[in-house]
Amino acid sequence: SRQPRVKMLLFRAFLVSLASASIDLPRDWQAQHCRGTHLEQTGETVVALATDATRGFLPIIGVVNSTVHNSNSDVGFVIVTTRVHFLKKLLDRFFPSLRVAVCSGAEELLKHRPALQRLSSLENSTNIKRKELLSPFNFAAFYMPHVLYHTRRVIYLDTDIVVTGDVLELATLDLHNKAVAAVNDCSQKIAKYFDEKLLPIQHKILWQRVLRGDGCVFNRGVVVFDTLRWRTLQLTETIEDLVDAFVDSKAKLWSSGISQPPFLLALAGRYEQLPVTWNVRGLGRLDIGRNEWRKIKREALHFGVDASVYERHLAPAGPFTERVNPFFHPLAAKASLLHFNGDLKPWALSAEDARNWHLLGLRVSSQENVPHVLGTCRLKHCASSYNLTTDQKIRSACEASLAHTLSKSKLRWDQIRLSPNGRKWPKHLESVAKYYESGCVARPPLCTCRSQLSDDCVTSCASLW
């Protein structure tokens with residue numbers, strides 16, 4: 001019949017496109033470009049990180065420290081960076097016995113990949129809000145199976161995470177012949193990111209996998225690579241081919257990121273799912289939508305956590321009543337990995353400021369309607385909280401613990417729909433980012449409380465910093 005023949009032609013076109021973009025690296029790449037321990041033995045599992053930061057390496061130190069602190073075995077690290085000598089010296093100072101290879105050369109590798117080179121042509125595109133995501137280094141994770149050719153399994157970690165479990169549990173995980181394992185997130189769907197009509201014909205087969213599966217996205221905070229399987233399936237080449245199509249579409253093929261969407265599409269329907277506790281994400285965000293909160297509550301119930309108790313920390317975000325702040329994740333206390341992919345990073349606050357989360361909120365700026373955390377500020381009043389299912393007002397945790405020090409109002413200015421100057425909010429405030437910019441924003445502790453009735457929530461992970 002005609003339909004099977006069309007599918008076969010599509011599949012052949014798909015294979016031809018991949019074969020034309022093969023990646024050939026010297027087998028001794030690591031020996032040429034890395035300082036420190038050479039983790040080249042076949043069968044070795046390593047933890048890999050990548051950063052193009054030129055200063056401010058505290059996030060790297062935090063990831064390494066939390067990983068080593070929570071592992072029952074010796075962990076080997078490979079860190080790809082542009083500042084090899086400085087970072088190696090820093091790691092030697094804090095972790096003198098650490099098995100680590102600090103590597104250069106990735107920047108040149110990425111810059112010379114034709115598809116990634118073409119991203120620079122989009123620097124003036126109005127379709128891209130965050131220009132820094134055009135950096136080829138943003139794709140470094142997808143080249144790890146080639147860079148670490150002799151490594152059987154790579155556990156790739158983002159640099160805005162805190163590990164609270166033993167990562168080597170992932171070393172023996174059965175991937176069932178899949179190339180990667182990751183944590184899925186069904187609060188978002190892959191189809192939301194793509195304009196399927198702009199997808200080249202050779203990649204329609206990828207879209208069919210999206211339609212056949214659950215269509216959920218998965219996050220790159222932690223990814224377990226089976227390096228041989230990844231190379232066999234030529235997944236890096238697939239991602240590069242999708243980047244070419246993205247550039248050809250003038251940045252219209254997908255939205256909400258640069259490197260994440262092609263990764264989602266290339267792996268749709270063919271990755272092993274990790275437990276959600278291996279990527280408790282969203283930490284450090286300023287707020288959360290009511291619908292998203294309801295989904296997180298249902299998810300938490302599977303782990304025996306009643307998230308309703310945390311609603312006494314939440315309050316509507318001023319006139320944007322479908323959003324509440326601050327963001328909480330009820331599974332943070334049960335997490336194996338905490339992912340601070342929000343605006344507030346743990347290393348952005350001093351230990352003293354972290355402890356005073358009841359009294360100190362956040363100063364926020366708004367650039368292109370995107371909020372950016374600038375520092376702390378003094379909260380004028382406590383927030384009044386609501387049961388987000390019934391909308392019934394409840395006494396907030398802040399009110400309960402600090403009532404004797406607060407004014408009679410008990411309401412923060414944003415809870416009574418008044419701006420800081422006492423006037424009512426305009427009916428059409430430009431954005432929630434502008435709202436946050438206009439006053440002191442209540443923030444979450446760095447982690448959810450370990451005890452349901454405790455307000456000293458920050459202790460569950462801030463000590464790692």
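1. Thr-45 is buried, at 12% relative accessible area. Buried means under 20% relative accessible area, exposed over 50%, and partly exposed in between (1.4 Å probe, protein chains only). Thr-45 sits in strand E2, residues 45-50. Helices (H or I, at least four residues) and strands (E, at least two) are DSSP runs, numbered from the N terminus.

2. A word on the model. This is a predicted model: local features need pLDDT of at least 70, side-chain atom pairs count only at pLDDT 80 or more, and totals for chains, interfaces and linings use all residues. Residues are numbered from 1 along each chain as its sequence is written, and side-chain values use heavy atoms, with hydrogens and water left out.

3. What does Thr-45 contact, leaving aside its neighbours within four places in sequence? The partners are Thr-151, Arg-152, Arg-153, Ile-155 and Ala-171. Contact means heavy atoms within 4.5 Å.

4. The structure has two disulfides. A disulfide is a covalent bond between the sulfur atoms of two cysteines. Here the cut-off is a pair of cysteine sulfur atoms within 2.5 Å.

5. The link is right-handed, with 105 degrees about the S-S bond. Cys-34 is buried at 9% relative accessibility. Cys-103 is buried too, at 0%.

6. Cys-186 and Cys-216 form a disulfide, S to S 1.9 Å. This pair also links distant parts of the chain, 30 residues apart. Cys-186 belongs to strand E7 (residues 180-189), Cys-216 to strand E8 (residues 216-226). The link is right-handed, with 95 degrees about the S-S bond. Is Cys-186 buried or partly exposed? At 39% relative accessibility, Cys-186 is partly exposed. Cys-216 is buried, at 2%.

7. Helix H12 covers residues 290-301, 12 residues in total. From first C-alpha to last, H12 reaches 17 Å, close to the expected 16 Å. The expected span is 1.5 Å times one less than the number of residues.

8. Arg-290, Trp-293, Ile-296, Lys-297 and Ala-300 are the buried residues in H12. They fall within an arc of 115 degrees seen down the axis, so they line one face of the helix. The arc is that of the directions from the helix axis to the C-beta atoms. These buried residues pack against strands E10 (288-289), E11 (315-317) and E12 (320-325). The face turned away carries the exposed residues Asn-291 and Arg-298.
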